[in-house]
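Please consider them alongside the sequence and the coordinates.

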Amino acid sequence: MFLGRTVLADGDSAYYEQIAASDFVLVPHGHARYNYRFSEAVGACAVPVVVADGLTLPFEPLIDWSGASVRVPEREWHAMRSLNELRRYLPADPAEVLAMRHRVCALNAVYLWSEAARRDALFLAASAHLFLLSFGPRGGGPAAAAAGTSYPPNWPRAAADRIWSARRMYDAV
């Protein structure tokens, strides 16, 4: 079976079909800073429910994941007696859930779907991170940067324009 460009073994087909049919996918703390469950959730356009304090989500300087993921503090998770208690963290309005899934899908399509998209996103995220560290708080942030008022003289204008263009495209989704 093909899911995107991923070839699945027969035993994996049911698992990925179940993820694709889910609104939310649990992303527990892994053994390292990366957790493949997050990628699986995003690839299936399901909202990741992240139970991993301190986990940095992909391309965070570039992507605001707050409208496309749910975070549950590990302490709260460990105190839960049943999965029903998890519901208080999840949106109940079907329209809000659908909007979150659409955001996840859009983020996947723009930043994560292909190797080229991930490479470009990595460059943009690193550039955005450096720009915000150096000039964001003092220079008035994205609006001032988009107007050209806070770019440093040696800043690559084309790279900065791509950062804010990608950010505006995400914000419009």
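**Notes on the predicted model**

1. Cys45 is found in the loop between α2 and β4. The model is a predicted one, and in it this residue directly follows α2 and takes a positive phi of about 60 degrees. Cys45 is a residue other than glycine, and its phi value is positive. Most residues other than glycine have a negative phi. Is Cys45 buried or exposed? Cys45 counts as buried because its relative accessibility is 15%, and the limit for buried is under 20%.

2. Helix α2 covers residues 36-43. Its buried residues include Phe38, Glu40, Ala41 and Val42. A salt bridge joins the side chains of Arg37 and Glu40, with an N to O distance of 3.4 Å. Both partners belong to α2 and are three residues apart, about one turn of the helix. Arg37 is partly exposed, at a relative accessible area of 28%, whereas Glu40 is buried, at 12%.

3. How many salt bridges does the model hold? The count comes to four. One of them pairs Asp23 with Arg101, whose closest N and O atoms are 3.0 Å apart. Asp23 sits in the loop between α1 (10-20) and β3 (24-28), while Arg101 belongs to helix α4 (residues 94-112), so this pair ties together parts that are 78 residues apart in sequence. Asp23 has a relative accessible area of 36% and is therefore partly exposed. Arg101, with a relative accessible area of 16%, is buried.

4. Arg88 and Glu76 form a further salt bridge, with 2.9 Å between the closest N and O atoms. Because Arg88 is placed in the loop between α3 (74-79) and α4, and Glu76 in helix α3, the pair ties together parts that are twelve residues apart in sequence. Arg88 counts as exposed, at 54% relative accessibility, and Glu76 as partly exposed, at 31%.

5. The largest nonpolar core has 28 residues, and Phe59, Trp65 and Tyr111 are those with the most contacts inside it. Which elements give two or more residues to this core? They are α2, β4 (47-51), α4 and α5 (115-134). The largest share, five residues, comes from α4. In soluble globular proteins, nonpolar side chains tend to be buried together.

6. When residues up to four places away in sequence are not counted, Phe59 touches Tyr111, Leu112, Arg118, Ala121, Leu122 and Ala125. Apart from the 28-residue core lies another core, of five residues, among them Ile19, Val25, Ala41 and Ala44. Ala41 is also one of the buried residues of α2.

7. Asn108 is a residue of helix α4. Its relative accessibility is 7%, so Asn108 counts as buried. With neighbours within four places in sequence left aside, Asn108 is in contact with Val42, Gly43 and Trp113.

Note on methods
Residues are numbered from 1 along each chain as its sequence is written. This is a predicted model: local features need pLDDT of at least 70, side-chain atom pairs count only at pLDDT 80 or more; totals for chains, interfaces and linings use all residues. Side-chain values use heavy atoms; hydrogens and water are left out. Helices (H or I, at least four residues) and strands (E, at least two) are DSSP runs, numbered from the N terminus. Buried means under 20% relative accessible area, exposed over 50%, partly exposed in between (1.4 Å probe, protein chains only). Contact means heavy atoms within 4.5 Å. A nonpolar core is a set of buried Ala, Val, Leu, Ile, Met, Phe, Trp, Tyr and Cys residues joined through side-chain atoms within 4.5 Å.
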